[in-house]
Amino acid sequence: MRILTGIQPSGTPHIGNYFGAMRQVCSIQDKGETFIFLADYHSLTTGPDPEQLRQNVLELALNYLSCGVDPQKSVLFRQSDVPEVCELTWILNNVTPVGLLERAHSYKDKIAKGFSPNNGLFSYPVLMASDILIYGSNLVPVGKDQKQHLEITRDIAIKFNNQYGEIFTIPEELIPEEVAIVPGIDGQKMSKSYNNTIPIFGKEKAIRKTIMNIVTDCKQLEDPKDPDSCNVVALFKLFASGEELEEMKAKYRAGGYGYGHAKQALFEKMWSYFEPMRQKRAELENNLDFVWEVLRKGGEKAREEAQMTMDKVRKAVGLR
Ligand code: ADP
Ligand code: TRP
């Protein structure tokens, strides 16, 4: 079974990314051969600064390797190390109805927000279909927001197969149901775009300060408090086991336990949870050659697969 997922390289990762995406990707690598790529071609649709994009690719590779991607089990690579996906995108464009792309939520949302779309943004789902189909992927772990893109991928694959013969495997998405939305320090969904994140990696002092800034209500130290409506508890839950969590909840209800205490407990828990990953990251930062080598080897392996698919595709459509 081939498992594949792509991640856009964009900025400093936060604990919402970790619990919402990175952890799943890392845990799935035992289930089958997993391809994980850094979607730098897709990032171009929003016109990033070139140096920033390069930096973000490295940052994402470091994060995934620190948080548990094992290059012995998974193929980690840069999307643009396999330029064949662009060739396939062009070929698939010709079996993709414009209406299918016009109905894409992510495209419509961006337009609704006043974004002036380029053609790259419009055909984003076709590039994504190429990413998936070129490696014969069976299972694609993604967030809920990507469900429609997988439906579009299947539509394109079926249409191509009907027209040219059974070339492509029809993939399925794997959407983790139980992943809660991790709240940010202001209580909204944690997101880079809302400036409310707690980064996974950072200086102790800065992370502590961020945690101390989590918004709570104005109850005094002695007041009993409601654990179920508190952001600090919602975040503590990510790190604490049943008993520890119940203890904190009981302290909330009893009174005499302040939000400052709870934030301190959250900081300690989070800091020790990410300790092994911080260590791994520090090691990798001192050995960037290794990181680039992982990406280079991964790219080579992925490209071999892609080339085999492209041979069949080119023949099927009449280019050879
Ligand atoms: P951001 O909103 O910070 O820009 P991305 O859109 O880059 O985050 O998300 C990358 C991955 O992390 C996606 O799979 C997304 O579902 C997951 N993710 C992001 N924020 C959260 C959150 N607050 N809770 C759970 N998962 C999240
Ligand atoms: N569109 C995905 C996202 O924003 C990233 C992505 C690109 C992807 N190509 C993919 C995910 C192929 C899975 C498979 O999250």
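Me: How far is a nitrogen atom of ligand 2 from an N or O atom in the side chain of aspartate 131?
Reply: Keep in mind that this is a predicted model. The cut-off for a polar contact is 3.5 Å, and the side chain of aspartate 131 puts an N or O atom at a distance from a ligand nitrogen of 2.9 Å.

Me: Which residue has a polar side-chain atom 3.0 Å from a nitrogen atom of ligand 2?
Reply: For tyrosine 124, the distance from a side-chain N or O atom to a nitrogen of ligand 2 is 2.6 Å. The 3.0 Å pair belongs to glutamine 146.

Me: How much of the accessible area of ligand 2 does the protein cover?
Reply: On its own, the ligand has 370 Å² of accessible area, and the protein's share of cover is 89%.

Me: Which residue has a polar side-chain atom 2.8 Å from an oxygen atom of ligand 1?
Reply: His14 and Ser191 are among the nearest of the 13 residues around this ligand. Histidine 14 has a side-chain N or O atom 2.7 Å from a ligand oxygen, and glycine 16 uses a polar backbone atom, 3.2 Å from a ligand nitrogen. The 2.8 Å pair comes from serine 191.

Me: Is cysteine 67 buried or exposed?
Reply: By the way, cysteine 67 is in no disulfide: the nearest cysteine sulfur, on cysteine 26, is 6.5 Å away, and the cut-off is 2.5 Å. As for accessibility, buried means under 20%. Cysteine 67 has a relative accessible area of 7%, so cysteine 67 is buried.

Me: What is the bridge partner of threonine 34 in β3?
Reply: Strand β2 (residues 33-38) runs parallel to β3, and five bridges join them. For threonine 34, the partner in β3 is serine 74.

Methods
Residues are numbered from 1 along each chain as its sequence is written. Chains are lettered from A and ligands numbered from 1 in the order in which they are written. This is a predicted model: local features need pLDDT of at least 70, side-chain atom pairs count only at pLDDT 80 or more; totals for chains, interfaces and linings use all residues. Side-chain values use heavy atoms; hydrogens and water are left out. A residue is near a molecule or strand if one of its heavy atoms lies within 4 Å of it. A polar contact is a pair of N or O atoms within 3.5 Å; within protein, one must be able to donate a hydrogen and the other to accept it, and residues adjacent in sequence count only if both atoms are side-chain atoms. Two strands pair if DSSP finds at least two bridges between them. Helices (H or I, at least four residues) and strands (E, at least two) are DSSP runs, numbered from the N terminus. Buried means under 20% relative accessible area, exposed over 50%, partly exposed in between (1.4 Å probe, protein chains only). Accessible areas come from the Shrake-Rupley method with a 1.4 Å probe; for residues, only the protein chains shown count as cover.
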